[in-house]
Amino acid sequence: MNVIRCQAKHLRQYTTFKTGDYCMLRQVKSNKKFFVGPLEETGQRGVKGGIIPHSDIIGKSVRSVIRSTGDSLGYMAHLPTLDEFVINVPRACTPIYPKDASSIVQMLDLEPGHRVLEAGTGNGSLTLYMARAIAGGGDRTGKIDTFDIRESHSKTAEKHINLYSHGRYRSVVSFYIGSVGDSLPSILNDRDEQYDAIALDMPEPIKEITKILPYLRNDRFIVCYLPNMTQVLEIADHIQNLPLVMEDCIETEWKEWEVRSTHIRSKVPKTTEDNMDNSVSTEARAWICRPKNFDVRGHTAFLVKLRKAALAE
């Protein structure tokens, strides 16, 4: 019974908006979304047709409909997904977008309990994706050590990790400032400690790979985030004399499609034009199905996967 009560309390915590939470408001009619937060009693968010005070959201359940002045349909309140969070929070630099972050997690073959080294914390977007993959629970809780040479980037990322989903991944991430290759010996307690995966987002990863390679378990992976092909070729040349094999070089692209219902106005009686959502006949309904050409997420970077291939001892 106590277990059930604890689970119910945990469920309530994440289905009711509280001060400090983030919220995604979705306009009921158009599906347009507005990112709101962190929620404050005196805060407000401007939306089409008016203003929504944060106090109208705080205390409400997920999927409540919030109405602004003069809006009869209103906005449905959702908890932001991780994708929505990393895209919309204030940034200190360009984030690693969801399409690349989710691919990197897959390429690193992460699972609960893994220990990960990240160089180039940035906004902490990739950090969050990796933390969710390795967090687990009990004795399967993983760990991320993340480095950035810019203190401002590291502090921004730490703030984002603390704010996302009530800081549920705060305990699995440790932040460091400085060169990863030079700093690792001082933070590892045992010279034999090794990582299950390494993610590198830096302009010249070849300067660090040789230094950090001994800290990667054999037969495990490094993934480099490289904006241009010149960097890829530099990596390919650099690893010729290292126990590394380039297994993959990929470029990810998401093309979003717009799929929604609409009305053929020539078949809608004028008397029902003001209430078309509920009153039009089947013959007047139609579907829009087309790529969102104005929002195509094209090239951001090449993702290079390297496997450590040292001889078995």
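His166 sits in the loop that links helix H5 (151–163) to strand E9 (173–177). Helices (H or I, at least four residues) and strands (E, at least two) are DSSP runs, numbered from the N terminus. The model is predicted, so local features need pLDDT of at least 70, side-chain atom pairs count only at pLDDT 80 or more, and totals for chains, interfaces and linings use all residues. Residues are numbered from 1 along each chain as its sequence is written, and side-chain values use heavy atoms, without hydrogens or water.

Look at the backbone of His166. Its phi is positive, about 60°, although His166 is not a glycine.

Asp109 is partly exposed because its relative accessibility is 40%.

Now turn to the loops around strand E2 (33–36). Val28 lies in the loop between strand E1 (23–27) and E2. Its relative accessibility is 35%, so Val28 is partly exposed. Pro38 belongs to the loop between E2 and strand E3 (44–47). The peptide bond from Gly37 to Pro38 is cis, with omega near 0°.

The lining of the second largest pocket holds 12 nonpolar, 11 polar (Gly among them) and seven charged (Asp, Glu, Lys and Arg) residues. Nearest its centre lie Gly120, Arg150, Asp201, Met202 and Pro203. Strand E7 (115–119), helix H4 (125–134), strand E8 (143–148) and helix H7 (206–212) each give at least two residues to this lining.

Conventions
1 Å grid on protein atoms, 1.4 Å probe; cavity = no way out; pocket = protein on both sides within 12 Å on 5 of 7 lines; lining within 4 Å. Buried < 20%, exposed > 50% of the residue type's maximum accessible area, 1.4 Å probe, protein only.
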